[in-house]
Amino acid sequence: MSNRSLPLVAASEVAKHNTEKDCWVTLYQRKIYNVTSFLDQHPAGGDIILPYAGKDVTEIMADITSHSHSESAYEMLDDDMLIGYMATEIEERELINNKNNTPVEMKLVTTTDSDGNEFDMYTFHDHLPAMEKLSIQTDFSEDAKKHKFLDLNKPLLMQLLRSNFTKEFYLDQVHRPRHYGKGSAPLFGNFLEPISLTPWWVVPLVWLPPNMYIFYVGFVNQSPIIALSFWVMGLFVWTLVEYFLHRFVFHVDYLLPDHPYFLTLHFLLHGVHHYLPMDGYRLVLPPALFVVLAYPFYRLVFAIFPFYMACSGFAGGTLGYIMYDVTHYVLHHTKLPKFLQDLKTYHLEHHYKNYEMGFGVTSRFWDVIFETEIHDTFEKRA
């Protein structure tokens with residue numbers, strides 16, 4: 001595949017090039033080819049191409065009955081006629097139709113950092129890629145061909161379950177960020193798909209009412225000073241729980257048994273988030289998973305402390321969780337005030353620079369304490 005920097009083009013623009021003298025076609029609804037000069041050279045004649053001018057040719061090229069195409073035919077398209085990439089709806093909205101009308105160029109294998117140096121988007125960097133680069137869709141077919149990992153054109157879960165990936169290979173690849181670019185990648189590929197998707201607003205909608213009720217029960221049944229003290233303590237303890245959950249549960253990584261079932265479990269718990277970090281529907285815990293993770297803490301708190309003190313402490317801890325999950329979404333998908341931008345950069349460095357460091361999400365306090373803070377001088381191995 002060519003490493004040339006090529007533009008993103010709106011689908012409406014592609015559709016305009018639909019004549020014999022100006023003929024564009026797309027492959028996989030993504031790659032754009034100018035085949036005008038090729039019409040007369042096509043072995044089956046240009047007439048077989050013209051009905052697809054300005055349209056996608058993926059299906060017809062794969063149709064053996066109509067006309068078989070060898071691997072070299074696809075390579076010839078990439079080498080000689082590739083002129084750009086058709087923008088997804090998200091890319092068109094966020095990149096092409098931006099206020100400054102800034103031209104957007106992309107490389108699906110390499111791109112350029114802030115110093116003008118080329119680097120591979122699938123390795124780890126000294127500096128974050130420019131933010132607009134994080135919203136450019138991965139070339140699914142090229143990625144699968146190059147890295148021999150998961151094919152984003154197909155449901156991900158069964159690929160993992162049936163794989164023979166080694167743990168070392170899996171951990172290396174799953175932490176190299178991709179971008180699906182058109183919603184959420186299929187995990188199950190069937191009726192179970194909705195249970196893997198959680199909008200950020202579900203977290204405060206589901207958990208704030210019971211959280212406020214538990215806080216109220218603790219507050220009215222004991223001294224306000226005691227209630228607020230335990231509430232603050234619960235909030236503080238949550239920050240430590242957040243750090244340890246992220247570091248030792250979500251990133252159990254190297255302690256995983258080397259078996260597809262355990263790799264799949266890792267992928268469901270946190271791996272999919274590192275594989276597709278900009279997926280807006282897989283940034284917060286589904287309510288059912290939160291119940292599973294929170295239950296041991298609930299039992300512990302109410303076993304250690306008197307009931308009303310436990311209510312106040314648990315209310316503080318669960319509020320900390322709610323703030324954590326909402327913050328996590330915001331860090332990935334919201335433009336923040338300047339004083340919060342450092343926190344956003346720090347978390348994205350965990351994804352794009354060094355996933356073995358930087359486990360704090362709402363703050364880097366415990367990273368400093370436990371010496372896992374990401375520094376400019378520390379580069380994740382490629």
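The following is a dialogue on how some terms apply to this predicted model.

Modeller: Local features here need pLDDT of at least 70, side-chain atom pairs count only at pLDDT 80 or more, and totals for chains, interfaces and linings use all residues. Residues are numbered from 1 along each chain as its sequence is written, and side-chain values use heavy atoms, with hydrogens and water left out.

Biologist: Why is the pair F149 and F165 called tilted?

Modeller: Rings of Phe, Tyr and Trp (its six-membered ring) pair if their centres lie within 6.5 Å; planes under 30 degrees apart are stacked, over 60 edge-to-face, and the rest tilted. The centres of F149 and F165 are 5.1 Å apart and the planes stand at 40 degrees, so the pair is tilted. F149 lies in the loop between α5 (140–147) and α6 (156–161), and F165 in the loop between α6 and α7 (167–174). Helices are DSSP runs of H or I with at least four residues, strands runs of E with at least two, numbered from the N terminus.

Biologist: What makes F149 count as buried?

Modeller: Buried means under 20% relative accessible area, exposed over 50%, and partly exposed in between (1.4 Å probe, protein chains only). F149 has 8% relative accessibility, so F149 counts as buried. F165, at 14%, is therefore buried too.

Biologist: Which residues do ring pairs link into a cluster?

Modeller: The cluster consists of F236, Y243, F244, F248, F359, F365, W366 and F370. The whole structure has 30 aromatic pairs.

Biologist: What makes R364 a charge over the ring of Y346?

Modeller: The rule asks for NZ of Lys or CZ of Arg within 6 Å of the ring centre and within 35 degrees of the ring normal. The charged end of R364 sits over the Y346 ring, 4.0 Å from its centre.

Biologist: How do you know that β3 and β4 pair?

Modeller: Two strands pair if DSSP finds at least two bridges between them. β3 and strand β4 (residues 31–34) have four bridges, in the antiparallel sense. Three residues separate β3 and β4 in a hairpin, where Y28 in the turn has a positive phi of about 60 degrees.

Biologist: What about β2 and β3?

Modeller: Strand β2 (residues 18–19) and β3 pair in the antiparallel sense over two bridges. T19 stands opposite D22 in β3, and a hairpin joins β2 to β3 through two residues.

Biologist: How much of β3 is covered?

Modeller: Strand β3 (residues 22–27) is mostly covered, with five of its six residues buried.
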